[in-house]
Amino acid sequence: MGLNIAMCKGYFLVVVLLGSWISCGEASVSYDSKAISVNGQRKILISGSIHYPRSTPEMWPDLIQKAKEGGLDVIQTYVFWNGHEPEPGKYYFEGRYDLVKFIKLVQQAGLYVHLRIGPYACAEWNFGGFPVWLKYVPGISFRTNNRPFKAAMQKFTTKIVNMMKAEKLYETQGGPIILSQIENEYGPMEYELGAPGRAYTEWAAKMAVDLGTGVPWVMCKQDDAPDPIINTCNGFYCDYFSPNKAYKPKMWTEAWTGWFTEFGGPVPYRPAEDLAFSVAKFIQKGGSFINYYMYHGGTNFGRTAGGPFIATSYDYDAPLDEYGLLREPKWGHLKDLQRAIKLCEPALVSADPTVTPLGNYQEAHVFKSKSGACAAFLANYNQHSFAKVSFGNLHYNLPPWSISILPDCKNTVYNTARIGAQSAQMKMTPVSKGFSWQSYNEEAASHDGNLFTMVGLVEQINMTRDNTDYLWYTTDVKIDPSEGFLRGGKWPVLTVLSAGHALHVFINGQLSGTAYGNLENPKLTFSDGVNLKAGVNKIALLSIAVGLPNVGPHFETWNAGVLGPVSLSGLNEGKRDLTWQKWSYKVGLKGEYLSLHSLSGSTSVEWVEGAYVSKRQPLAWYKTTFNAPDGNEPLALDMNTMSKGQVWINGQSIGRYWNQYKASGNCGACNYAGWFNEKKCLSNCGEASQKWYHVPRSWLYPTGNLLVVFEEWGGNPYGISLVKREVASVCADIYEWQPTLVNWQLQSSGKVNKPLRPKAHLSCASGQKISSIKFASFGNPEGACGNFRQGSCHAFHSYDVFERYCMGQQSCTVPVTPEIFGGDPCPNVMKKLSVELICS
Ligand code: GAL
């Protein structure tokens with residue numbers, strides 16, 4: 001085998017140099033201008049990102065299985081350095097960080113792996129994946145031609161590669177890994193840094209290739225990626241992209257399925273029609289590898305969210321939702337797309353497209369192989385109107401902003417704007433509320449640990465090393481009894497400038513105000529009147545980091561915490577500068593110091609209960625126990641009556657919550673047609689950016705689960721409830737002549753020689769039944785799943801059909817044909833069926 005690998009590597013280089021396509025033995029991965037080849041076979045590869053620490057090992061098999069059923073060939077993940085090496089030289093590969101286990105599960109499912117070792121990840125992950133200790137290596141400068149950085153990067157990259165080799169996980173060893181990635185989107189950084197940036201790219205490329213993995217490396221968003229590394233595209237659209245050498249395949253490593261949520265921001269979503277359109281457009285232009293970023297976004301458990309201000313949910317509007325359930329219709333619509341693309345694969349991998357205009361905004365891309373395979377993509381780029389085009393003596397009707405796929409150059413199997421898959425509306429149903437809470441109030445800056453005193457202000461991360469979000473800055477302010485404001489004047493104004501990210505101001509133990517930044521500008525200024533008394537006053541500033549930055553030029557040098565100036569104005573003397581007086585520092589909270597979140601630590605203080613439980617109290621700890629609810633639906637905590645803090649279940653953090661930060665933005669209607677960007681389609685405006693917090697089932701025992709909440713600001717724990725996530729209703733929205741795979745098979749095999757009607761397939765979750773019909777109309781109904789409305793044309797038997805076919809069933813199938821609805825309600829009008837069925 002060893003020889004084989006070496007040989008393959010040799011061939012691999014030859015392939016690259018000659019730009020020709022050669023297969024090499026039994027196990028090999030190579031590439032040419034058309035595609036990645038596995039064992040000598042060019043492949044159209046559909047990949048999806050699932051980041052292993054963003055779910056639990058118990059969820060992995062199901063996620064991978066659903067990815068496979070969804071038509072994926074490859075699972076892509078970053079490797080999360082800071083999770084694997086929390087302290088220099090101390091490695092961790094267990095639990096959610098069991099990388100080998102994750103890869104082996106992908107292998108068992110029969111899928112490939114694209115391993116993005118980075119080790120820089122970005123990914124809205126804390127510090128972009130870098131361990132915080134790395135920042136404190138003497139002389140270090142991240143992601144540039146810097147000796148200490150390169151040494152650390154090489155050490156970790158080598159460690160991962162060797163681990164993969166030892167476990168025989170590379171394809172050349174019989175494993176699933178067919179591709180790797182070094183660095184991440186370094187192109188823009190290199191541009192900024194100039195020569196040292198370029199030198200670093202060259203070094204990183206050589207370092208990676210020299211590791212001899214036997215599989216190709218990619219560099220994404222890096223136009224000058226050195227040979228043999230393939231430069232790839234990331235974005236909402238990548239059809240315009242070409243690799244930097246004619247002998248490299250056109251690859252799209254991040255096709256963004258949605259976008260991330262930040263605290264304070266609305267929740268972005270991307271219509272499935274536009275996502276499918278962008279993918280079909282990429283394929284029709286000769287693309288052969290697509291990775292959905294994310295396929296399952298998951299959860300930023302603990303303090304893994306980056307940003308700052310990245311929310312705990314990393315749902316991403318991905319085809320599998322945060323909880324691992326199918327997001328419909330996106331999952332199903334992409335599955336149908338993938339099947340359509342795979343039907344075209346023989347033509348796609350062996351021919352270059354010929355492009356023919358079919359109208360002002362319409363084009364045909366045709367792939368014809370020597371062996372006779374033919375596949376065509378008919379595109380209508382017009383955002384506003386349908387196009388009737390003729391192609392090969394036949395007529396085709398193309399919806400706005402859509403591409404039809406014809407795997408035989410004749411019959412349409414799929415159109416990106418015609419969704420055959422069902423939609424589902426989800427609901428969060430309370431399963432237990434009315435927890436009986438106990439509370440413990442900590443006082444401002446009250447623990448004995450980590451105390452030190454010095455003149456002036458300190459940078460926060462330098463102090464906390466990111467072991468906690470919190471750093472206390474405390475100082476004394478002497479107020480002379482002769483101060484004018486003490487005799488009915490205006491309170492003096494305390495002004496605090498902070499590099500971020502959030503700040504609570506306590507005056508003599510009382511919360512006096514709060515300020516915070518946002519993702520675009522984490523800096524903040526607190527400026528407000530404070531109630532001081534004659535004598536010595538204690539000012540305690542609780543500075544809070546909300547995730548470390550994960551992207552930007554030298555983000556490792558960005559500061560957090562109260563760097564000043566800090567001043568008090570409105571005194572007799574005018575303004576008093578507090579910046580350069582004596583400050584005392586405490587790292588973390590008292591409750592953290594005592595591990596109140598854990599079973600053992602939670603007994604170390606006196607908790608109160610019943611009527612004594614505090615409400616609207618800052619710095620409050622709450623605890624309760626609960627039993628695991630029956631069933632296997634995913635669970636979450638509804639934290640809507642709380643403000644900001646963290647939650648632990650049985651000692652494990654499910655992440656930061658910040659319900660008090662409401663989403664600002666414009667959540668208007670969103671049409672799938674037209675260029676998409678992350679600001680186009682938004683939801684949750686005016687509400688909490690994140691309401692629900694995923695509680696993994698596997699973290700629960702059957703009984704007596706410890707739930708601990710730390711509330712910084714003030715909230716009402718009695719409003720917290722445990723909810724389960726389930727399907728509320730399912731919808732179909734299908735046009736009368738919409739193409740389907742089954743019909744295409746009948747037509748292309750010559751069994752049927754006429755247009756065929758589609759069918760609506762509807763199914764509730766297993767264990768559920770269709771209990772009522774919320775809406776049904778065959779005609780010209782309007783609206784979307786959740787708010788369909790009848791139009792001017794409506795078949796009277798629309799409801800009856802679903803009564804008969806669907807009621808009481810778990811799933812049902814109904815042909816979309818006028819006869820079944822009692823005849824054509826409006827001849828010569830294009831009709832569709834819209835239906836919503838309640839599941840319970
Ligand atoms: C990309 C980056 C990813 C992720 C994404 C946004 O530029 O490579 O890691 O951060 O943006 O979700």
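Is Cys685 buried, partly exposed or exposed? Cys685 counts as partly exposed, because its relative accessibility is 24%. Buried here means under 20% relative accessible area, exposed means over 50%, and partly exposed is in between, with a 1.4 Å probe and protein chains only.

Before going further, the ground rules. This is a predicted model, where local features need pLDDT of at least 70, side-chain atom pairs count only at pLDDT 80 or more, and totals for chains, interfaces and linings use all residues. Residues are numbered from 1 along each chain as its sequence is written, and side-chain values use heavy atoms, with hydrogens and water left out.

Back to the cysteines. A search of the whole structure finds eight disulfides, a disulfide being a pair of cysteine sulfur atoms within 2.5 Å. Cys685 is joined to Cys667, S to S 1.9 Å, and the link is right-handed, with 80° about the S-S bond. Cys667 sits in the loop between strand 36 (652–657) and strand 37 (682–683), and Cys685 in the loop between strand 37 and strand 38 (692–695), so the pair ties together parts 18 residues apart in sequence. Strands are DSSP runs of E, at least two residues, numbered from the N terminus. Cys667, at 30% relative accessibility, is partly exposed.

Another of the disulfides joins Cys233 to Cys238, with 2.0 Å from S to S. The torsion about that S-S bond is about -75°, so this one is left-handed. Cys233 and Cys238 are both buried.

Cys806 and Cys812 also form a disulfide, with sulfur atoms 2.1 Å apart. Their link is right-handed, at 90° about the S-S bond. Cys806 is buried at 0% relative accessibility, and Cys812 is buried at 6%.

What about Cys220? Its sulfur is 9.2 Å from the closest cysteine sulfur, in Cys122, which is too far for a bond. Cys220 is buried, with a relative accessible area of 1%.

Now the ligand. Of the 15 residues around the ligand, Tyr78, Glu124, Glu185, Glu254 and Tyr316 come nearest; a residue is near if one of its heavy atoms lies within 4 Å. A polar side-chain atom of Glu185 is 2.4 Å from a ligand oxygen. For Glu254, an N or O atom in the side chain is 2.7 Å from an oxygen of the ligand. At Ala121, a polar backbone atom lies 3.2 Å from a ligand oxygen.

That is where I will stop.

Note on methods. A polar contact is a pair of N or O atoms within 3.5 Å; within protein, one must be able to donate a hydrogen and the other to accept it, and residues adjacent in sequence count only if both atoms are side-chain atoms. Helices (H or I, at least four residues) and strands (E, at least two) are DSSP runs, numbered from the N terminus.
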